[in-house]
Amino acid sequence: MSERRTALACLVPLLLVGAVFFYGFLLWTGWLSLTRSNLLPSTEFVGLKQYERLLLDPRWQAALWNLLRFGAGFVVLPLLLGLALALLLDQKLRGEGLLRWVWLHPMALSMVVTGSAWRWLMDPEQGLAEAVRGWGWTSFRWDWLAQEDMAVYALVVAAVWQITGFVMALFLAGLRGIDESMLQAARLDGASGWRLLRRVILPQLGPSLASALLVLLPAAIKTFDLVVVLTEGGPGQSSELPAFYMFQMAFERSRLGLGAASAMVLVMMVLSIALPYAVVRSRRKVAA
């Protein structure tokens, strides 16, 4: 009993701090989104006007369109590349440990470091472009950061480079968890190559795929630091994402209420992904 009390005494302060700094500030942000807060918080209640302004703001609409393009690349490409790398490593290659380290190493870096490195690599006057021109391709240019229609894809390249190793690790764990007897039985039945992959292996990777999506989708919605370091939302607002829009409105444009409204929309977007997954998983546990 004394051990239980000691454990509770250690947990309660942490739970209280977590409740204050998460739920407390979440409620405070929700309240600000319903007020006429600008430079400083205000108590003047305006209902859903901030949300109306947000939805009608062309800059917010552009940020959502950028998020759709960024999210598509940020989710689909790591899934495909991660699965391909996991299937390659599952062949028990020589030097597998080194390859795993190489592909997982970017995950050890922060998005700030990743953005800084790729900003130099994508610089039209130096980095990779300068190196390629030095090899003889004098007309080569890689100026995505200066092109409004390509800047958001520069974000995709940097983000995919960092996250693909993590997705590979999830799929590799799923592959190593497949019952070998099931694979042997499928081979005895004549399944091999693509048929074995499609009919036997991929269906067994459902939990790994769900885990990857649960990480990738919220991460795409919350992407902020990579935008700040790599493109600063430009050229213009061509690579601005909703999280960057929220920061700009709340802290640089003195439109605190509008920034709070955008923050609450982001929270609802993340919850729309996490809550259904939690409900389905809890029902499966009850059924089991």
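Entry 1, overall. I noted that this is a predicted model. I counted 13 helices and 0 strands in the protein chain. Read from the N terminus, the order of elements is accordingly α-α-α-α-α-α-α-α-α-α-α-α-α. The C-alpha trace spans about 75 × 70 × 35 Å along its principal axes. I looked up burial as well: 38% of the 288 residues count as buried. Among contacts with a separation of 6 or more, 68% join residues 24 or more positions apart.

I checked UniProt, where the entry is unreviewed, for "transmembrane region" and found residues 7-31, 67-89, 101-121, 150-175, 196-221 and 256-280 listed. I then looked at two of these spans in the model. Residues 101-121 are 71% helix and 0% strand, with 22 Å between the end C-alpha atoms. Residues 256-280 are 100% helix and 0% strand, and here the end C-alpha atoms are 36 Å apart.

How do the axes of H7 and H10 cross? Helix H7 covers residues 151-176 and helix H10 covers residues 206-222; their axes come within 9 Å and cross at roughly 160°. Because angles over 145 degrees count as roughly antiparallel, I logged H7 as roughly antiparallel to H10. The crossing of H7 past H10 is right-handed. On the H7 side I listed Ile163, Phe166, Val167, Leu170, Phe171 and Gly174, which meet Ser208, Leu209, Ser211, Ala212, Val215 and Leu216 of H10. As a reminder to myself, an α-helix has 3.6 residues a turn, so residues three or four places apart point the same way.

I looked up helix H2 (residues 49-56) against helix H3 (residues 58-89) and found axes that come within 5 Å and cross at roughly 65°. Leu54, Leu55 and Leu56 of H2 make the contact with Pro58, Trp60 and Gln61 of H3. I sorted these residues into 5 nonpolar, 1 polar and no charged.

Which residues of helix H12 are buried? For H12, residues 242-252, I wrote down Pro242, Ala243, Phe244, Tyr245, Gln248, Met249 and Ala250. I also read the backbone just after H12, where Ser254 takes a positive phi of about 55°.

Technical notes: Residues are numbered from 1 along each chain as its sequence is written. This is a predicted model: local features need pLDDT of at least 70, side-chain atom pairs count only at pLDDT 80 or more; totals for chains, interfaces and linings use all residues. Side-chain values use heavy atoms; hydrogens and water are left out. Axes are lines fitted to C-alpha atoms, for helices over the stretch in contact, and angles run from 0 to 180 degrees between N-to-C directions. Helices (H or I, at least four residues) and strands (E, at least two) are DSSP runs, numbered from the N terminus. Angles under 35 degrees count as roughly parallel, over 145 as roughly antiparallel, 65 to 115 as roughly perpendicular and the rest as oblique. A crossing is left-handed if the near helix is turned anticlockwise from the far one by less than a right angle, and right-handed if clockwise. Contact means heavy atoms within 4.5 Å. UniProt positions are given in the numbering used here, feature names are shortened, and annotations may be inferred rather than shown by experiment. Buried means under 20% relative accessible area, exposed over 50%, partly exposed in between (1.4 Å probe, protein chains only). Ala, Val, Leu, Ile, Met, Phe, Trp, Tyr, Cys and Pro count as nonpolar, Asp, Glu, Lys and Arg as charged, and the others, Gly among them, as polar.
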